[in-house]
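Have the structure open while you read.

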Amino acid sequence: MSGSDVAGQGEFGAEAEVFDSETLGSSEAVRNFFGAAYDGVTRYAELLRDQGELRGLIGPREVPRIWERHILNSAAVAQYLPATGAVADIGSGAGLPGIVIAVMRPDLEVLLVEPMERRTTWLSEVAGELGLTNVQVKRGRAEEYHDAFEVDAVTSRAVAPLSKLARMSLPLVRVGGELVILKGRNVAQEIEPARKVLRKYGAAEPEILEGLTVEGVESTTILRARRSK
Ligand SMILES: C[S@@+](CC[C@H](N)C(=O)[O-])C[C@H]1O[C@@H](n2cnc3c(N)ncnc32)[C@H](O)[C@@H]1O
């Protein structure tokens with residue numbers, strides 16, 4: 001994986017403060033936040049820490065900040081997902097946010113859409129290791145599934161600018177469903193260039209939603225757009 005496509009290099013969360021990931025991951029606030037999902041999320045963080053760099057899933061700089069920039073960041077999206085139904089995470093890569101969602105929301109069916117075999121192998125192994133019976137790994141580009149399935153929500157992080165992401169993802173969202181994507185702080189700038197494609201696929205005006213703050217770690221912004229027709 002080249003440096004440029006390694007997730008989490010400057011896009012998410014605050015750069016200034018560096019937390020000790022192990023300490024953060026075992027803190028009371030993080031335990032309380034995840035509740036019943038804590039053990040599963042912790043196991044996933046350990047797998048990423050031990051194998052993520054070796055398997056080309058995350059860059060070396062990300063290993064000490066897995067909790068801060070990846071787990072907590074991904075967790076922010078869970079609160080905005082529907083109560084039940086199916087969610088497709090487009091471009092799951094190492095499993096962010098898809099695996100975190102699957103652990104936190106066992107009531108949701110989670111489809112992990114990822115074209116690279118090396119990464120789908122990893123995703124299937126992680127799902128097996130964590131005993132996630134609500135995960136399906138779909139190897140391929142999102143566009144290849146446009147006529148294959150529809151879901152209640154599509155999630156995505158660090159895959160493409162909104163205009164491109166909307167084109168690849170909205171055809172997978174059922175009418176009444178939502179695109180719920182993790183974005184950097186400058187997300188508002190992506191809306192104008194995406195308006196035409198959002199209209200084409202019947203998406204309502206996007207909302208910009210707050211992420212979350214746990215133990216002083218601020219996660220990134222979330223953009224949500226409902227498909228109204
Ligand atoms: C920078 S990585 C981000 C991975 C993960 N979402 C994260 O935040 O760590 C982008 C991922 O999107 C995948 N991808 C690129 N184009 C795609 C497409 N058209 N459909 C689905 N996945 C795609 C890549 O293979 C890669 O795993």
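Predicted model: local features only at pLDDT ≥ 70, side-chain atom pairs only at ≥ 80, totals over all residues.

Helix α7 (residues 162–169) and helix α8 (residues 188–200) have axes that come within 8 Å and cross at roughly 30°. That angle makes α7 roughly parallel to α8, and the crossing is right-handed. On the α7 side, the contact is made by Leu-162, Ser-163, Ala-166 and Arg-167. The α8 side brings in Glu-190, Ile-191, Pro-193, Ala-194, Val-197 and Leu-198.

## What α7 sits on

Which residues of α7 are buried? They are Leu-162, Leu-165, Ala-166, Met-168 and Ser-169. These buried residues pack against β1 (85–90), β4, β5, α8 and β9. As for the sheet, α7 lies across β1, β4, β5 and β9, running at about 145° to β5.

## Strand β5 and its partners

Strand β5 (residues 173–183) is largely enclosed by the rest of the structure, because 8 of its 11 residues are buried. To get there from β4, the chain crosses through α7, and this β-α-β crossover is right-handed.

Strand β4 (residues 151–157) runs parallel to β5, joined to β5 by 6 bridges. Here Val-151 stands opposite Val-173 in β5. Strand β9 (residues 221–226) is also joined to β5 by 6 bridges, but that pair runs antiparallel.

## The whole sheet

Now zoom out: 7 strands form an open sheet with mixed pairing, in the order β3-β2-β1-β4-β5-β9-β6. The edges belong to β3 (135–139) and β6 (207–209). Each of these has a single partner strand, so one side of each is left without a neighbour in the sheet. On average, neighbouring strands are turned by 20° against each other, direction ignored.

Helix α6 (residues 117–130) packs on this sheet too, touching β2 (108–114) and β3. The direction of α6 makes about 170° with that of β3.

## Out on a loop

Last stop: Pro-60, in the loop between α3 (38–51) and α4 (66–75). Is Pro-60 buried or exposed? Pro-60 counts as exposed, because it has 10 C-beta neighbours inside 10 Å, and the cut-off for exposed is 12 or fewer. Pro-60 and Gly-35 are 25 residues apart in sequence, and their C-alpha atoms are 29 Å apart in space.

Methods
Residues numbered from 1 in each chain as written. Buried ≥ 20, exposed ≤ 12 C-beta atoms within 10 Å, placed from the backbone. Helix = DSSP H or I, 4+ residues; strand = E, 2+ residues; numbered from the N terminus. Pairing = 2+ DSSP bridges. Right-handed = clockwise from strand over helix to strand, strands pointing away. Axes fitted to C-alpha atoms, helices over the stretch in contact; angles between N-to-C directions. Parallel < 35°, antiparallel > 145°, perpendicular 65-115°, else oblique. Left-handed = near helix turned anticlockwise from the far one by under 90°. Contact = placed C-beta atoms within 7 Å.
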